[in-house]
Amino acid sequence: MSDEQQKETRVFKQTRRKVLKGLAAGAAVLAVPTPQASASVWEAFFQKHFREMSKDELVRVLARLEKTYSRQYGKEVTVSATPPIEGVRFGYGLDLSRCIGCRRCVYGCVEENNLSREPQLHLIRVVRLQKEKGVDLDYAEHYYNPELVPEPGYFYMPISCQQCENSPCTKVCPVQATWKEKDGIVVVDYNWCIGCRYCMASCPYGARRFNWRRPQIPAENLNPTTHYLGNRPRPVGVVEKCTFCIQRTREQPGRYPACQEVCPVGARKFGNLLDPKSEMRALIENKRVFILKEDLNTRPKFYYFF
Amino acid sequence: MKNILHITKGTLILLCKGSRAYYVWVGILLCLMGVGAIAYAHQLQHGLGVTAMRDQVSWGFYISNFTFLVGVAAAAVLLVIPAYVYHWKPIKEIAVLGELLAISAIAMCLMFVTVDLGRPERFWHLIPKIGILNWPQSLLAWDVLVLNLYLVLNAVIAGYILYSLYFKKEPNKSFVTPLILFSIPAAIAIHTVTAFLYSGLAARPFWNHAILAPRFLASAFCSGPALMILVFLLVRRYTKFRIKDEAIHKVAELVAYAIFINLFLFGAEIFTEYYAGTVHLASLKYLLQGLHGHSALVPWIWTAILFNILGFFIFLIPELRRNHFMLVVGCLLIFFGVYIEKGMGLVIPGFVPDVLHEIYEYAPTGIELLVSLGIWATGLFIFTMLLRVAIPILNGDFHVAEDGVGSHIGDSLFIIQPDQEESTEKT
């Protein structure tokens, strides 16, 4: 960034602060929350976009969130904002010939990512398809519920966010509350999303979920290790999605996403697409591969093997 | 400064005074607004889960109403074009009414979008510089810009013309003409951008057509003027404001062309989808025939098609459209026909079946209906208030007093029959 640019940003930030102060003063006259609550309520209200926060501001926001969540759930909750690792671009693989449709991934994801239990919210949808028809969603059964899986004559296809390179959802967001990170993960700033749901209309994979009601998680089930862009508790009225378990996969040493770890048949693969020696690269090069709705040119980083 | 004070005072007197019918009408609107506000408070408290919208159908009745009303607002231009570009005098006198309708419609649009937001208190994220407006990438950002621009433009034009007439001055042409000329592409822009908002989504084949924007414009030029004609007939009947038959017939003639184009484009779309018969047919099939036993929209869309065709013949045949009873019938048919087709008939099939081919049948909940009713009442309230002041000014009953400072209210009720106040939208 050149000096001039920096200066411009600074001026811009100052005017913004003034405007915000004015707004705050005006709004304060209209509605006055209780004195104790007010500080953090206003801080949350005027919180900046994640990518526009300075380091100090980010530290303060994370501390405030940790405090709020810890008090709310009665246990120590951490909120990190670990940045992407250089030279990493994540990709996911799913072996359709192995998947047995047990939905352990669905519920593993619920636990790891602090998804609402009431109302229930899932980020992975497993559909049952007919072997005779192949991958034809017209014959997909979304709510199959047999005693035992797999069932003869059927195969199963889990679908979640495809982490598109050319992602329609980030393009349409009117406030840039969702974007693609350097490691290829599409994330949402839950404190910036206005809840217009345009991204949901634009997603060809039905991967995005809206918090239609206040999400509820029993305190004992809360996973206390969270990431700002990932599994921290979500507010009502915002959109959320799969983040490849950003709170696990970005750590060093990293961990696999919860769905990958919980899969009992090894149908799920995960790794760095930029590493020529990674398992993902070997699979893509040697297996029969397809991506969902290829004709839409969304360029998913979610590969199905068969 | 003193002038402004007197205008404000005169305006307040006008708004507060009226016949019994006026009070009843405004009272009903205020009650409905109150009901809507309570319903909205309930929604705010419990989240959008109180609506019937779900992840499969993530936009519903609110966005349907929004889409329809953008069309109504855009259609004000139909009056503006002949009035100012071709100096067609009979329409020129009523063009201001069209602009006031546009203002009310845009106000309703903004309210419908707001109640659809999950976090309405974060609206400031949309304000450039203070928040982040994702322009030019997001079509929704474009829509925010053009809608507000159009609102300001109409408010300035109508406000300036009325202000000039109040002071018995001829509006300054070199100021107002460029604005009016600019409002024509702006009106087309608000509707085109709203259409692009849908047609740009490759994920939804039902919307992903180049024909969508032309269809939007054609249907807007049906529903907007149909509503305008109804307003004209009422204003003419209940106030001293004279609107020439000529003007009404001219607008009705233009509506006839618009209905034809609208029906033609709809037909073209039906042909293309059915003849090709690809998997993308599913949504249209759901709308027109029902899909896998789900057919909630089928009776509605056929009602709309029937209304539009009947309306078309009424507007097409000169003898019928000049008969004012038939004209009212025609306007009502077209208004409700387009309301169904351009509202729920356009938004819902985009989501049914959803992108993973699941079918979730959407029907608005009571809360959605009440909130929407409240917004319509607010829009009508705004329009009534605007007309309450505008019509006396246009009539020459409300203007600056002899001394050039105070205001003069000529006839305190501004009506021919003292019992029937200008309860404008009552049908």
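## Chain B overall, and a sheet in chain A

Residues 24 or more positions apart account for 77% of those contacts in chain B that have a separation of 6 or more; two residues are in contact if their C-beta atoms, placed from the backbone, lie within 7 Å. This is a predicted model, in which local features need pLDDT of at least 70, side-chain atom pairs count only at pLDDT 80 or more, and totals for chains, interfaces and linings use all residues. Residues are numbered from 1 along each chain as its sequence is written, while chains are lettered from A in the order in which they are written.

Chain B contains 15 helices and two strands (DSSP runs numbered from the N terminus: H or I of at least four residues for helices, E of at least two for strands). Of its 427 residues, 49% are buried, meaning that 20 or more other C-beta atoms lie within 10 Å of the residue's own.

| Property of chain B | Value |
|---|---|
| Radius of gyration, C-alpha atoms | 22 Å |
| Box along the principal axes, C-alpha atoms | roughly 75 × 55 × 40 Å |

The radius agrees with that of a compact globule of 427 residues, near 22 Å.

In chain A, four strands form an open, mixed sheet in the order 10-2-12-11; strands pair if DSSP finds at least two bridges between them. Strand 10 (268-272) and strand 11 (289-290) of chain A are at the edges with a single partner strand each, so one side of each has no neighbour in the sheet. Strand 2 (residues 90-95) of chain A runs antiparallel to strand 10 of chain A, joined by five bridges; Tyr92(A) has Phe270(A) as its bridge partner in strand 10 of chain A.

Terms used
Rg over C-alpha atoms; globule rule 2.2 N^0.38 Å. Buried ≥ 20, exposed ≤ 12 C-beta atoms within 10 Å, placed from the backbone.
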